[in-house]
Amino acid sequence: MGGLLRSALRSRTLLTGLLITLLVLFGILAGPWLTPFAPEEMDFINVLTPPDAIHWLGTDSFGRDVLSRVLSGGQVSLLISTCGVLAGAALGVALGMSAAWRGGTYEAILMAGCDLLFAFPSFVLALFMMVVLGFGVQNVIIAIALTYLPIFARLSRNLTRALLPEPFVQAARLMGQRPARILPFEILPNILSTLLVQASIGIAFGIVMEAGLSFLGLGVQPPTPSLGTILADGREYFQRAPWVLTLTGLVVSVALLGLNLLGDGLRDLTDPRLRKAAGP
Amino acid sequence: MSSPALRRALRRAGILLLTVLAGALAVFFAMKATPGDPALAALGENARPELVEAFRHTHGLDKPLPVQFLAWITGAVQGDFGRSLTLAGGVPVGELIASRLPVTAFVGLYALVLAAAISLVVGTVAALQRGKAADTVMTSFAVLGVSMPDFWLGYVLVFFLALNFPLFPSYGFTAPAESLPGALLSGFLPALAIAAPMAAVFSRVLRASLLEVMHRPYVQVARSLGHSGPFVFLHTILRNALIPYVTIIGLQVRYLLGGVVVIERVFGIPGLGSLMVDAAFGRDYPVIQACALTFLVIVLLTNLFVDFLCMRLDPKARA
């Protein structure tokens, strides 16, 4: 464990990712106390002002401070994406592990279902779900969960299957433990790190998906601020005030960069084989 | 073709057909489970009851569900997906798809070619310059590329390129059938926006697989036989590194098509993606079903093609 920590401290990718992610998290959580403006506070004298010392990202068409909106929208977007990925992961892992355990027709049918879900372009699947369920926050979460369900199901099924012949699993089995105990308490801790890496990358993609859906008007609906609705707002007056869309997107990109670096660093750390192959 | 290969191909075709059928079932019944009446959505909430009844009858909505599904699927096999519920005069959905599909195929392939071209250069340079400044710069750009939402990148590209260089139109799209140079120019920025995150993913995979192949024994054999560096790189290293590269391109096609949907809408490109988004707003069920199914078939066919390509590339699989 000490060696793991030491290589974690030596990994520049991981540290940079962690630093950016923590900064973004701090900004999002402490945002209301950091910025002097409330996200809904309108100011019709200062409409669409360019970025300056008071409004770092400028103001929008209602004179609202864009930075405050991005921070509170980031909270909503992060929450949506995290809930979606976690829900997809929980259900996917349960299905995938049980499929690996039971095998046979049950496994074949489950995996065929996952393959089917996986064969739809992810955004098309999300779009389709938004039509079926209706627009709005909960349904974006469900759409993200459904997109990630097959990924986690397949991943956890493969990982579980590889562990089944291991002595500690066999021992638990011979001791007469039930699968309801073996799967979550014996096998899950051993595959959790890989699943967490997948989740951290998944949350970044989930944020992009929420932003994309809401940007088109099919996801979160205004006045709820989310990164997607703020970007959609910025598009409305892009010609007059390009900074709203440009800078908001830049902030989103930096946040996602942090999450992706974190995921990459964690993956290298948990998979030494990959670390050797992929270089520094 | 030998008989095991033929049997394999037939099996794959069978699985593909079954998957499409299962997809059609899922799409159809999910759509039927949606709250809201498509007749009321098309005619307005205050439509006269006899009009609603007539609308249901013309679109076959008054029949039992299994009958509706059978009618829909037998029609779909013949390219008849019913009629649009919202578009003027109830345009046949099959015609809509047929007119939009070439545009989406063009934009998608354009983005794919751009992403492949960028990633071949970036991945190769990064692998050859491993650990040096060029590698660090290219690898950082690759991570940054994955982190930018494509629709946002599209807007920024328009802002900085189209508004300063009138070469690229900022909005609108020339169909490839009308003028190919026009289509290549007007499609460049949208395709680039879709390609950027893809290129980032591809070049990371290519870099990793190049680095892995470079130290294999057969590469040393090729070198010791006296072949020149570039020859060994092209014929031995790159060729073997291409298998994971092509595989990841195939896997990413579903993300690429997602990007196409958003970008088409953003740039006003009349493809399948913008058709589907419009249909989503109008609750035009037949159109949405047909679009989803068409996208499914595109992904499945791409997967099949990629498998075939990998088999051709891998000398072990060919033998």
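**Reading the core and the contact**

Reply: The largest nonpolar core has 163 residues, and those with the most contacts inside it are A:Leu127, B:Ala111 and B:Ala195. Helix 9 (residues 188–214) of chain B gives the largest share of this core, 18 residues. This is a predicted model, in which local features need pLDDT of at least 70, side-chain atom pairs count only at pLDDT 80 or more, and totals for chains, interfaces and linings use all residues. Residues are numbered from 1 along each chain as its sequence is written, while chains are lettered from A and ligands numbered from 1 in the order in which they are written.

Me: What is a nonpolar core?

Reply: A nonpolar core is a set of buried Ala, Val, Leu, Ile, Met, Phe, Trp, Tyr and Cys residues joined through C-beta atoms within 7 Å. A residue is buried if 20 or more other C-beta atoms, placed from the backbone, lie within 10 Å of its own.

Me: How many residues does each chain give to the contact?

Reply: Two residues are in contact if their C-beta atoms, placed from the backbone, lie within 7 Å. Chain A gives 37 residues and chain B gives 42 residues. Helix 10 of chain A supplies the largest share of the side of chain A that touches chain B, 10 residues; helices here are DSSP runs (H or I, at least four residues), numbered from the N terminus.

Me: Why is helix 3 of chain A described as largely enclosed?

Reply: Of its 37 residues, 26 are buried, so helix 3 of chain A is largely enclosed by the rest of the structure. A:Gly103, whose phi is positive, near 65 degrees, follows helix 3 of chain A.

Conventions:
Helices (H or I, at least four residues) and strands (E, at least two) are DSSP runs, numbered from the N terminus. A residue is buried if 20 or more other C-beta atoms lie within 10 Å of its own, exposed if 12 or fewer, and partly exposed in between; C-beta atoms are placed from the backbone.
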